[in-house]
Amino acid sequence: MQDILLKALNRMESTGAQFCDAKAQTVRTMGVQSINGDIRQLLQRDTGGICLRAWIDGRWGYGTVTSFDESDISAAAEAAVRNARGSPKGRLRLEPDTIVKSMRPNVKIHPDDVDLEEKIKAVLDVDRAQEAEKVLNRVGSYAEEVKDNIIVNSVGSMIDWQEVRTRFGAMSIASEGPRLERYYDGPSGTAGYELVKDLDIERMGREVAEEAVRTLKAVRPPSGKLTVISDPMMSGLLAHEAMGHPSEADEVTKKRSFLTDCVGMKVGTDIVDMFDNGLAKGAYGSCPFDDEGTLASNTQIIKDGVYEGYMHSLETASELGSRPTGNGRAENFGKRVWVRMTNTYFGPGDRTVEDIIADTRYGILCDKMYNGMEDPVGGGFEAKCLRGHLIENGRITELLQSFTLTGRALEVLQTTDAVSKDVILDGGMCGKGIEDWVNVSSGGPYMRSRMIVGGGE
Amino acid sequence: MQMDSIADEALRYGKKFDDSEVYVVRTVSNTVYVESTKISNVETKTDSGLSFRMAKDHKLGKASVTLNGKSTVAGCVDMAERIASFSPSNSGFKGYVMPSRAKISTSGIWDKKVENITHEQMIEIVKSIADNVEKDVVLGGLLRVSTIEALVANSNGVHSEHSSTLVYGHFTSMARKEHPGEGQEAIHGTQLSIDTEEIGRSLSQRAVSAAKAKPFRGSRRLTMILPPGELGDMLMSSAGSALNGENVFYGRSLWQDKIGEKIASDSLSLTDDPTVEAPLASAFDDEGTPTEKRKLVEKGVLRSYIRDSFVGESTGNGMRRSSVDAQGLYERSISIKPINMVVTPGKMTRDQIVEQTDSGILIDKFAWPEADSLTGRFGLEVRCGHLIEKGKIVGTINNALMIGNMMDALSNIENIGNDQKIVGLTTIPTMSFSGMDLVGN
């Protein structure tokens with residue numbers, strides 16, 4: 001395959017590309033999902049294709065094909081060069097490092113070495129463990145992804161590596177009269193089947209069911225500007241949506257980020273640290289190289305409350321006079337490379353969560369995220385929480401149903417006055433605006449800040 | 001290789017099974033991206049793939065591959081068989097669909113202009129939008145046009161071919177101000193008939209509005225007015241979810257067992273209409289079941305759910321296609337979707353609805369307009385909204401949460417406009433809902 005890709009590179013260079021790269025990717029995914037003891041989804045996907053990129057006068061041209069035939073790839077190479085032509089955007093030169101490397105995933109049990117029967121059994125076991133009064137739907141799920149990548153480029157890089165990701169989950173929907181509530185749990189990571197083997201499946205399923213049933217008694221949360229203790233998942237959602245997306249340097253070069261020209265500015269209290277770390281061991285967003293063949297790195301975004309800098313692709317690094325950080329990522333071979341996060345999280349503090357709750361007079365403690373939305377232009381965020389707890393005079397008093405947090409990112413971080421010791425990461429998918437989904441994780445410690453809270457009846 | 005031959009080959013391999021179904025699709029997508037009002041990228045993507053489903057001794061298997069020369073039809077069938085061999089027996093399997101004649105005819109779902117478009121022509125359209133955006137407003141976004149040619153066939157004799165074009169655009173606008181905010185416009189359809197002047201004008205207006213918005217303070221109960229662009233996903237995530245036959249099958253629809261009952265205001269009538277121009281409009285769904293025009297809600301009374309072959313008595317709503325992207329359709333599982341959920345329009349213009357509103361907010365942009373599909377609840381960040389008092393707009397706000405429950409909102413409809421627009425899988429006008437809460441600092 002490398003030979004065909006090198007021929008495509010030659011084709012692009014000989015027809016005018018100032019820089020070019022070629023990526024071949026195959027992705028094998030397998031998924032099992034059960035509902036109420038029946039297998040609802042059981043499928044395997046095997047996709048693969050080629051992405052060719054040509055860079056001419058500050059503009060990328062893409063040609064992608066789902067064919068490994070040499071003549072189709074050559075035609076795509078010509079399309080990439082053709083697409084890169086047009087009115088020149090500038091004289092920007094890309095400066096990638098030349099890397100020649102081959103890497104295998106660091107997993108204990110490769111999913112290919114585990115019988116499908118065993119994976120199905122694990123799903124049905126966690127489904128069965130959720131059997132309980134008032135539990136209407138029990139869902140078990142398992143998913144694995146094995147992604148093989150080859151990248152060659154016109155500065156001599158030749159890289160191949162494999163990424164393996166595994167997820168396992170349980171979700172219960174409980175009902176009482178017309179009311180429905182859900183709860184979920186489950187690990188994910190750049191890991192093999194050991195992620196499932198190491199689990200107490202019975203306990204996880206039972207606890208998810210119990211919590212779904214408990215949530216039926218949750219009450220509507222208070223609304224307005226309140227003291228909020230975000231749990232690690234909600235801290236991660238805030239890191240990702242409020243500060244992560246606007247720290248993607250393509251938002252900065254387009255002047256769409258409220259953090260443009262903010263390096264060196266105090267954006268939070270002294271106890272706020274934030275990172276995007278593509279090297280985090282076992283985390284769902286980790287990858288040894290990005291989709292441009294740049295080595296992953298750990299980028300400190302906030303240090304002691306001071307804004308440190310952005311995440312970069314090859315293009316944005318050149319434009320802003322920085323080094324690429326390994327954040328040029330694409331959903332797959334057919335999609336475009338953007339600056340994307342990997343594992344984004346707030347750093348640890350020195351408190352315990354119990355201690356933070358005890359010195360909170362009135363506020364809300366979050367319990368699991370639902371989803372969120374960034375606002376790089378306006379500096380706001382929307383962060384939806386699955387449920388929470390009311391805190392009154394240092395004690396948890398009531399269970400709260402789902403609600404949403406919002407505010408101005410910079411104002412919120414200026415109110416952060418307590419951060420717990422332990423950082424936990426949680427895997428998921430991130431879209432750039434409304435599409436282009438990549439694997440990421442986000443997380444952090446428990447953090448106390450002030451923000452706007454509201455939830456529907 | 002022709003799609004017919006691929007389907008025949010798959011079904012030939014599949015003769016050893018009790019039931020089998022093959023879906024073959026070939027798409028070509030062209031996309032032009034614009035950043036900072038300049039054309040930044042142009043892309044061509046060709047994609048073809050195969051999905052194969054089978055049943056043997058009540059065990060089900062499913063696999064998909066890209067047709068890239070490496071993966072073979074036989075390999076895909078083998079993969080599905082292997083999956084089935086490990087699968088527990090599924091006594092609820094009702095078989096794949098039986099052959100039927102089309103019940104409707106469709107028009108306007110293939111645009112030759114899309115088939116023959118050049119990158120230069122696409123760039124011209126995007127530049128025309130940019131030319132209609134005011135000078136101090138920055139344009140971003142993309143325009144994507146695709147051709148989709150698909151075939152579904154099964155061992156019962158179903159053989160259904162589908163061809164359509166898909167036009168999708170998503171543009172954002174930002175005024176060059178200290179606190180800019182962002183406006184947006186989306187295009188969903190099958191035809192390349194884009195009013196670039198109107199889109200440019202709207203993007204300018206919305207960017208300027210977002211830039212002048214001020215943080216909302218306090219809280220207020222008021223009427224929420226949602227224009228089509230903000231209503232589409234709100235309606236899909238609430239009514240669309242409650243109408244979904246799979247949710248009914250598993251007992252989690254908020255309109256469970258309510259056929260014939262009043263579930264919304266008298267003014268609400270919803271119809272699934274695949275006969276008119278809409279992104280998913282087609283005579284057959286992606287399982288080969290004929291589609292038809294269907295009353296879902298009539299004057300506030302629930303008339304029908306929508307179903308696929310899995311839940312049985314399919315209404316022709318088993319879909320792989322989306323209104324946004326044509327890539328990787330063979331990878332997607334069948335899911336139940338309305339093909340084109342139409343809200344019967346009212347008589348008022350949007351301006352007249354505003355004039356009729358005593359205390360309200362006209363939402364220009366939510367962070368993401370979506371209700372919780374399980375509970376109907378929403379708590380949505382208002383990125384830009386216009387406050388209304390006694391029929392007049394008195395201010396523009398942001399940094400607030402709009403909170404309520406969309407299922408309750410559908411029973412508290414104040415007015416329905418006449419400004420219907422295709423938004424994703426819906427064709428909808430502006431609607432207003434009373435009794436919603438706005439919460440700020």
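Select chain A: residues 24 or more positions apart account for 73% of its contacts with a separation of 6 or more, two residues being in contact if their C-beta atoms, placed from the backbone, lie within 7 Å. This is a predicted model, in which local features need pLDDT of at least 70 and side-chain atom pairs count only at pLDDT 80 or more, while totals for chains, interfaces and linings use all residues. Residues are numbered from 1 along each chain as its sequence is written, and chains are lettered from A and ligands numbered from 1 in the order in which they are written.

**Chain A as a whole**

Colour chain A by secondary structure to find ten helices and 23 strands; helices (H or I, at least four residues) and strands (E, at least two) are DSSP runs, numbered from the N terminus. Along the principal axes, the C-alpha atoms occupy a box of roughly 70 × 55 × 35 Å. The radius of gyration of chain A is 23 Å, which agrees with the value near 23 Å for a compact globule of 457 residues; this radius is taken over C-alpha atoms, and the globule rule is 2.2 Å times the number of residues to the power 0.38. Of the 457 residues, 60% count as buried. A residue is buried if 20 or more other C-beta atoms lie within 10 Å of its own, exposed if 12 or fewer, and partly exposed in between.

**Two helices of chain A**

Select residues 2-14 (α1) and 70-84 (α2) of chain A. The two helix axes come within 9 Å and cross at roughly 35°; axes are lines fitted to C-alpha atoms, for helices over the stretch in contact, and angles run from 0 to 180 degrees between N-to-C directions. The crossing of α1(A) past α2(A) is right-handed, a crossing being right-handed if the near helix is turned clockwise from the far one by less than a right angle, and left-handed if anticlockwise. On the α1(A) side, display A:Ile4, A:Ala8, A:Arg11 and A:Met12; the residues of α2(A) in this contact include A:Ile73, A:Ala77 and A:Val81. By class, the contact has seven nonpolar, one polar and three charged residues. Here Ala, Val, Leu, Ile, Met, Phe, Trp, Tyr, Cys and Pro count as nonpolar, Asp, Glu, Lys and Arg as charged, and the others, Gly among them, as polar.

**Strand β15 of chain A**

Move to residues 343-346 of chain A, which form β15. A:Asn343 and A:Tyr345 point one way from the strand, A:Thr344 and A:Phe346 the other way, and all are buried. Strand β10 (residues 274-277) of chain A pairs with β15(A) in the antiparallel sense over three bridges; two strands pair if DSSP finds at least two bridges between them. β22 (residues 435-444) of chain A runs parallel to β15(A), joined by three bridges. Centre on A:Thr344: its bridge partner is A:Asp276, and A:Ser442 in β22(A) also stands opposite A:Thr344.

**A:Ile173**

Next, select A:Ile173 in strand β6 (residues 158-176) of chain A. Is this residue buried or exposed? A:Ile173 counts as buried because it has 23 C-beta neighbours inside 10 Å. Beyond neighbours within four places in sequence, its contacts include A:Leu136, A:Leu180 and A:Ala212, together with B:Arg252 and B:Leu374 from chain B. For a distance across the chain, pick A:Glu308: its C-alpha atom is separated from that of A:Ile173 by 43 Å.

**The interface**

Show both chains. Their contact takes 62 residues from chain A and 69 residues from chain B. The elements of chain B that give two or more residues to its side are β2 (38-56), β3 (59-66), α2 (73-86), β5 (159-175), β16 (377-389) and β18 (400-405). β2(B) provides the largest share, twelve residues. The side of chain B comprises 22 nonpolar, 31 polar and 16 charged residues. Zoom in on β3 (residues 59-65) of chain A, which pairs with β2(B) in the parallel sense over five bridges; A:Thr64 stands opposite B:Lys45.

**Chain B**

Buried residues make up 59% of its 441 residues. Select the open, mixed sheet of six strands, in the order β11-β10-β9-β14-β21-β20. Its edge strands are β11 (301-302) and β20 (421-423), each pairing on one side only. Inside the sheet, β14 (residues 341-343) and β21 (residues 426-428) of chain B pair in the parallel sense over two bridges, with B:Val342 bridged to B:Thr427. Helix α6 (residues 228-243) of chain B lies across β9, β10, β14, β20 and β21, running at about 125° to β21(B).
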